[in-house]
Amino acid sequence: MVWVIYRTARKDWSADLSDAAIVRTSDEARALLTESIADDVGAIGAYIAPVEIKGSGKIKTGNLREHIRSEGVTIDLPIPA
């Protein structure tokens with residue numbers, strides 16, 4: 001089982017994407033990643049993931065990997081007989 005958690009601006013972790021810290025430069029992203037990797041108890045395998053910010057301010061996942069993690073698979077799975 002994979003649990004998806006996001007680093008927050010408060011330097012803790014949340015399972016809610018809307019709590020995620022959002023940065024706008026590569027330097028800020030690398031600094032946040034460095035802090036996140038240092039906390040290898042709170043989260044394992046931290047990486048930088050893009051997000052999309054809608055006009056309404058809603059945050060959506062910005063890549064397929066995170067979309068699948070947050071919404072489930074992208075195809076209908078066969079039902080065993």
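Glu66 is found in helix α2, where helices (H or I, at least four residues) and strands (E, at least two) are DSSP runs numbered from the N terminus. The model is a predicted one, in which local features need pLDDT of at least 70 and side-chain atom pairs count only at pLDDT 80 or more, while totals for chains, interfaces and linings use all residues. Residues are numbered from 1 along each chain as its sequence is written, and side-chain values use heavy atoms, with hydrogens and water left out.

With a relative accessible area of 4%, Glu66 is buried (under 20% relative accessible area; exposed is over 50% and partly exposed in between, with a 1.4 Å probe and protein chains only). Apart from neighbours within four places in sequence, Glu66 is in contact (heavy atoms within 4.5 Å) with Val4, Tyr6, Tyr47, Ala49 and Thr61.

Attention now turns to the open spaces. The largest pocket holds about 720 Å³ of space. A pocket is an open set of points on a 1 Å grid over the protein atoms alone, where a 1.4 Å probe fits, with protein on both sides within 12 Å along at least five of seven lines; lining residues have an atom within 4 Å of a point. Its volume is the space filled by probe spheres set on the points, which are joined across faces, edges and corners. The largest pocket is lined by 32 residues, with Ile5, Tyr6, Arg7, Tyr47 and Ala49 nearest its centre. Two or more lining residues come from each of β1 (6–7), α1 (26–38) and α2 (64–71), and α1 gives the most, with four.

The second largest pocket has a volume of about 170 Å³. Among its lining residues are Asp16, Leu17, Lys58, Ile59 and His67, and β4 (59–61) and α2 each supply at least two.

Finally, Lys11 lies in the loop between β1 and β2 (13–14). Most residues other than glycine have a negative phi, whereas phi of Lys11 is positive, near 70 degrees. Lys11 counts as partly exposed because its relative accessibility is 45%.
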